[in-house]
Amino acid sequence: TDDSPKVVLDDQNQVFLFEGESRPQHAFKFFEPVVNWLSEYGKILFWQKEHFGKNRRMTFQFRLSYFNSTSAKFIGDVLSILDKYCQDGFEVRVKWFYQKEDSDMKESGEEYLKMIKKLPFKMVLIGGPEDKN
């Protein structure tokens with residue numbers, strides 16, 4: 001919607017995307033299914049690794065143009081879950097996209113980068129050489 005981001009959690013095609021503006025009126029109601037899905041997905045990843053030796057490489061893309069302070073908390077929760085995946089040996093990485101003129105989004109990414117322990121977190125300038133999507 002105009003107030004909530006597009007969220008794609010497509011494990012079949014390995015597309016994990018958060019895109020647009022995030023200022024939902026009821027952020028908990030919006031983000032709770034996302035956090036729950038990630039928690040359940042972690043159980044599936046463990047099962048696949050244990051039974052089949054599979055370890056999928058996953059890239060989560062954050063292409064947000066704006067998010068409010070309530071959304072910031074839940075984005076942090078999502079990143080914490082992904083960081084835990086890495087600590088548990090899964091190949092997860094984050095690409096944090098920002099516009100050249102959007103210093104707030106760049107600084108937000110840099111702040112999140114400070115809070116993670118192991119999760120590979122790449123800052124990507126939109127339109128720059130690493131922006132291939």
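The following dialogue goes through the fold of a predicted model, from the whole chain down to single residues.

Q: How many helices and strands are in the protein chain, and in what order do they run?

A: Helices (H or I, at least four residues) and strands (E, at least two) are DSSP runs, numbered from the N terminus. The protein chain has three helices and five strands. Read from the N terminus, its elements are β-β-α-β-α-β-α-β.

Q: What radius of gyration would a compact globule of 133 residues have, and what does the protein chain have?

A: The radius of gyration is taken over C-alpha atoms, and the globule rule is 2.2 Å times the number of residues to the power 0.38. For 133 residues the rule gives a value near 14 Å; the protein chain has 15 Å, which agrees. Along the principal axes, its C-alpha atoms fill a box of roughly 45 × 35 × 25 Å.

Q: Which share of the residues counts as buried?

A: Buried means under 20% relative accessible area, exposed means over 50%, and partly exposed lies in between (1.4 Å probe, protein chains only). In the protein chain, 39% of the 133 residues count as buried.

Q: What is the order of the strands in the sheet?

A: Two strands pair if DSSP finds at least two bridges between them. Here five strands form an open sheet in the order 1-2-3-4-5, with mixed pairing. Strand 1 (6-10) and strand 5 (121-125) are at the edges with a single partner strand each, so one side of each has no neighbour in the sheet. From one strand to the next, the twist averages 15°.

Q: Which sense does the pairing take at strand 1 and strand 2, and which at strand 4 and strand 5?

A: Strand 1 and strand 2 are antiparallel over five bridges. V8 stands opposite L17 in strand 2. The hairpin of these two strands has four residues between them, and Q14 there takes a positive phi near 55°. Strand 4 (residues 91-98) and strand 5 pair in the parallel sense, also over five bridges. K95 has K122 in strand 5 as its bridge partner.

Q: Where does helix 2 lie?

A: Axes are lines fitted to C-alpha atoms, for helices over the stretch in contact, and angles run from 0 to 180 degrees between N-to-C directions. Helix 2 (residues 69-87) lies across strand 2 (15-22), strand 3 (57-67), strand 4 and strand 5, and runs at about 170° to strand 3. The expected span of a helix is 1.5 Å times one less than its number of residues. Helix 2, with 19 residues, reaches 27 Å from its first C-alpha to its last, close to the expected 27 Å. Just after helix 2, G89 takes a positive phi of about 95°.

Q: Is L82 buried or exposed, and what is in contact with it?

A: Contact means heavy atoms within 4.5 Å. L82 lies in helix 2 and is buried, with a relative accessible area of 0%. Leaving aside neighbours within four places in sequence, L82 is in contact with L38, F60, V92, V94 and L119. L82 and G42 are 40 residues apart along the chain, and their C-alpha atoms are separated by 9.1 Å.

Q: Where does G53 lie, and is G53 buried or exposed?

A: G53 lies in the loop between helix 1 (27-52) and strand 3. G53 is exposed, with a relative accessible area of 59%. Q48, in helix 1, counts as buried at 15% relative accessibility. Not counting residues up to four places away in sequence, Q48 touches G53, K54 and R56.

Notes
Residues numbered from 1 in each chain as written. Predicted model: local features only at pLDDT ≥ 70, side-chain atom pairs only at ≥ 80, totals over all residues. Heavy atoms only, no water.
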